[in-house]
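This report walks through one structure, element by element. Please keep the sequence and the model at hand while reading.

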Amino acid sequence: MNPLVNQDHTHTDKLSVLIPVYNEEKTASEIITRVLALGAVVKEIIIVDDGSTDRTAEILRARVANEPKCHFHAMPKNGGKTSAIRKALELATGEIIIIQDADLEYDPAEIPDVIAPILNGFADVAFGSRFLVRKAARVLYFRHYLANMLLTFLSNLLTNRNMTDIETCYKSFRAEVIKPLKLTSKGFGMEVEITALICKTKARTYEVPISYYGRSYEEGKKIDFMDGVAALWYIGYYNLVKPWFGSARRYVREVNVALEKRAAVEVSA
Ligand SMILES: Nc1nc2c(ncn2[C@@H]2O[C@H](COP(=O)(O)OP(=O)(O)OP(=O)(O)O)[C@@H](O)[C@H]2O)c(=O)[nH]1
Ligand SMILES: [Mg+2]
């Protein structure tokens, strides 16, 4: 079986899709429509509005009103993508969890491909990579590409994993790998924090090529130079310092025990 191809369409009610949203009034409604179009595999969509100051919250409330799979949570004030994901993880109940940005840079139609290695039993974690051989990618900022390469390179040096895109939005996991992780970073720190701590566990990690419909600053791109600087700091902290903390050790132990249990059940089945 090819782990990268979603050959089995019989999976139902497996997936929690977490959508952090901050000032995305142009795309917020469309992203929900596209995720719902994935059909039966989606158990729930957890939308966390991160204190938007435009019409995002109002639009989303109306959009999800008659959608039983959609759960909308509004944060009291803007706290950054990490805090929105922290909340969404608390609320998520699916067996598999994936993060979906709300800005249409990543197409939900590719979610089945991203989670296929998990659904097919090969992986416990699967990232969508914008830098593996891919289908479509908008040609945009070269310096952003270099920054992404540098961050991934430094992270790989410390994790000793050969990843190609740690800053990708498409990160998917078995629930037992991600639910016990209590995120402590800020801003976009979760991208580095999740990667670093997961690499300490025995979780089998795959990457899947994805398309990337990047946006320009004129179209609403928000990430900036300081987010890159913060990521550098987080790479050092979450790989070299945090793993010594009791909380990180407990996390790693808990995940490994859960994965060993799963493996034992699968062998005996
Ligand atoms: N920028 C930003 N995004 C947030 C925040 N809280 C939640 N988000 C959401 O997190 C997701 C990722 O944010 P983006 O600004 O798209 O980050 P990115 O894709 O790395 O960068 P660009 O799209 O290139 O700006 C989007 O769905 C945002 O709406 C926040 O405080 N700031
Ligand atoms: Mg984006």
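Which residue of β3 does Val48 stand opposite? Val48 stands opposite His73. The model described here is a predicted one.

## The sheet

Seven strands make up an open sheet with mixed pairing. Their order across the sheet is β3-β2-β1-β4-β6-β5-β7. The edges are taken by β3 (70-74) and β7 (205-209); each has a single partner strand, so one side of each has no neighbour in the sheet. On average, neighbouring strands are turned by 20° against each other, direction ignored.

Strand β1 covers residues 15-21 and strand β2 covers residues 42-49. The two run parallel and are joined by seven bridges. Leu18 has Ile46 of β2 as its bridge partner, and Leu15 stands opposite Val42 in β2. Helix α1 (residues 28-36) lies across β1, β2 and β3, and runs at about 165° to β2.

β2 also pairs with β3, again in the parallel sense, over five bridges. Ile46, the partner of Leu18 in β2, has His71 as its bridge partner in β3. Here the chain crosses from β2 to β3 through helix α2 (residues 56-64), and this β-α-β crossover is right-handed. β2 is mostly covered, with six of its eight residues buried.

## Helix α4 and Val114

Helix α4 spans residues 111-119 and includes Val114. Seven of the nine residues of α4 are buried, so the helix is mostly covered. Ile111, Val114, Ile115, Ala116, Pro117, Ile118 and Leu119 are the buried ones. They pack against β1, β4, β5 (125-129), β6 (171-174) and β7. After α4 comes Gly121, which has a positive phi, near 85°.

Why does Val114 count as buried? Val114 has 27 C-beta neighbours inside 10 Å, and a residue is called buried because 20 or more other C-beta atoms lie within that distance. Setting aside neighbours within four places in sequence, Val114 is in contact with Ile98, Ala126, Gly128, Tyr170, Ser172, Val208 and Ile210. Val114 and Val125 are 11 residues apart in sequence, and their C-alpha atoms are 9.7 Å apart in space.

Most residues other than glycine have a negative phi. Two residues of this model are described here against that background.

Asp13 lies in the segment before β1. Although Asp13 is not a glycine, its phi is positive, about 55°. Asp13 has 13 other C-beta atoms within 10 Å and is therefore partly exposed.

Leu104 is located in the loop between β4 and α4. Leu104 is not a glycine either, and has a positive phi of about 65°. How many C-beta neighbours does Leu104 have inside 10 Å? Leu104 has 18, so this residue counts as partly exposed.

How values were computed. Residues numbered from 1 in each chain as written. Chains lettered and ligands numbered in written order. Predicted model: local features only at pLDDT ≥ 70, side-chain atom pairs only at ≥ 80, totals over all residues. Pairing = 2+ DSSP bridges. Helix = DSSP H or I, 4+ residues; strand = E, 2+ residues; numbered from the N terminus. Axes fitted to C-alpha atoms, helices over the stretch in contact; angles between N-to-C directions. Contact = placed C-beta atoms within 7 Å. Buried ≥ 20, exposed ≤ 12 C-beta atoms within 10 Å, placed from the backbone. Right-handed = clockwise from strand over helix to strand, strands pointing away.
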